[in-house]
Amino acid sequence: MILERLELHNFGVYAGKQCLDLAPKPNRPLILVGALNGSGKTTLLEAVQLALYGRRAKFLEYQKIGYHQYFEQSITRAKGIDSASITVVFSVDGTKDKYSVTRTWAL
């Protein structure tokens, strides 16, 4: 599986719609993400896991709250925002077909 794009909408620290191009480029097969503590690196990884695995996302085993509570708390905290979504676009190695998985939730 090759991750092509990650789209976040009001998820955690990512207010509004944010799109990350993760597609590998010729001679540049890696994507590195670096930032200060608390700026959302882990949130990106959690978003991918949630989109692909839902309730079975591995990191949820270590949370002190339940699945539904995690979703409620992951919506960006700003006036008037009451929903969020995650979309992961990926391809399967060796094919040009692209697949998209989206999870959306609201309070």
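**Ground rules**

I am working with a predicted model, where local features need pLDDT of at least 70, side-chain atom pairs count only at pLDDT 80 or more, and totals for chains, interfaces and linings use all residues. Residues are numbered from 1 along each chain as its sequence is written, and side-chain values use heavy atoms, with hydrogens and water left out.

**Entry: around Val 13**

I found Val 13 in the loop between strand 1 and strand 2 (14–21). My helices (H or I, at least four residues) and strands (E, at least two) are DSSP runs, numbered from the N terminus. I also checked Val 13 against Gln 49: they sit 36 residues apart along the chain, and their C-alpha atoms are separated by 17 Å.

**Entry: strand 1 with strand 2**

Strand 1 and strand 2 run antiparallel, joined by six bridges. I count two strands as paired if DSSP finds at least two bridges between them. Arg 5 stands opposite Asp 21 in strand 2. The two strands make a hairpin with two residues between them, and Gly 12 in the turn has a positive phi of about 60°.

Then I looked at Asn 10, which is found in strand 1. Asn 10 is not a glycine, yet it has a positive phi of about 55°. Its relative accessible area is 8%, so Asn 10 is buried. The cut-offs I use are under 20% relative accessible area for buried, over 50% for exposed, and partly exposed in between (1.4 Å probe, protein chains only).

Asn 27 has a positive phi as well, about 65°, and is not a glycine either. I found Asn 27 in the loop between strand 2 and helix 1. Is Asn 27 buried or exposed? Asn 27 is exposed, with a relative accessible area of 80%.

**Entry: strand 3 and its partners**

Strand 3 is largely enclosed by the rest of the structure, because eight of its nine residues are buried. On one side of my list, strand 1 and strand 3 pair in the antiparallel sense over seven bridges. Leu 3 has Phe 90 in strand 3 as its bridge partner.

Strand 3 is also joined to strand 4 (residues 98–106) by nine bridges, again antiparallel. Ile 86 stands opposite Arg 103 in strand 4, and Thr 87 has Thr 102 as its bridge partner there. Strand 3 and strand 4 form a hairpin with six residues between them, where Gly 94 in the turn has a positive phi of about 95°.

Ser 85 has its place in strand 3. I noted it as buried because its relative accessibility is 16%. Beyond four places in sequence, Ser 85 touches Glu 7, Leu 8, His 9, Phe 11, Arg 103, Thr 104 and Trp 105.

**Entry: the nonpolar core**

A nonpolar core is a set of buried Ala, Val, Leu, Ile, Met, Phe, Trp, Tyr and Cys residues joined through side-chain atoms within 4.5 Å. Which of the 22 residues in the largest one touch the most other members? They are Leu 6, Leu 8, Phe 11, Leu 50, Leu 60, Ile 86 and Trp 105. Strand 1, helix 1, helix 2 (67–74) and strand 3 (83–91) each supply at least two residues of this core. Helix 1 has the largest share, five residues.

I followed up on Trp 105. Leaving aside neighbours within four places in sequence, its contacts include Phe 11, Phe 71, Asp 82 and Ile 86.

**Entry: the largest pocket**

On a 1 Å grid over the protein atoms alone, a pocket is an open set of points where a 1.4 Å probe fits, with protein on both sides within 12 Å along at least five of seven lines; lining residues have an atom within 4 Å of a point. About 300 Å³ of space lies in the largest pocket; a volume is the space filled by probe spheres set on the points, which are joined across faces, edges and corners.

I listed 13 lining residues, with Leu 3, Leu 22, Ile 31, Val 33 and Leu 45 nearest the centre. Strand 1 (2–11) and helix 1 (41–53) are the elements that give two or more residues to this lining. Helix 1 gives the most, with four residues.

Note on methods: Contact means heavy atoms within 4.5 Å.
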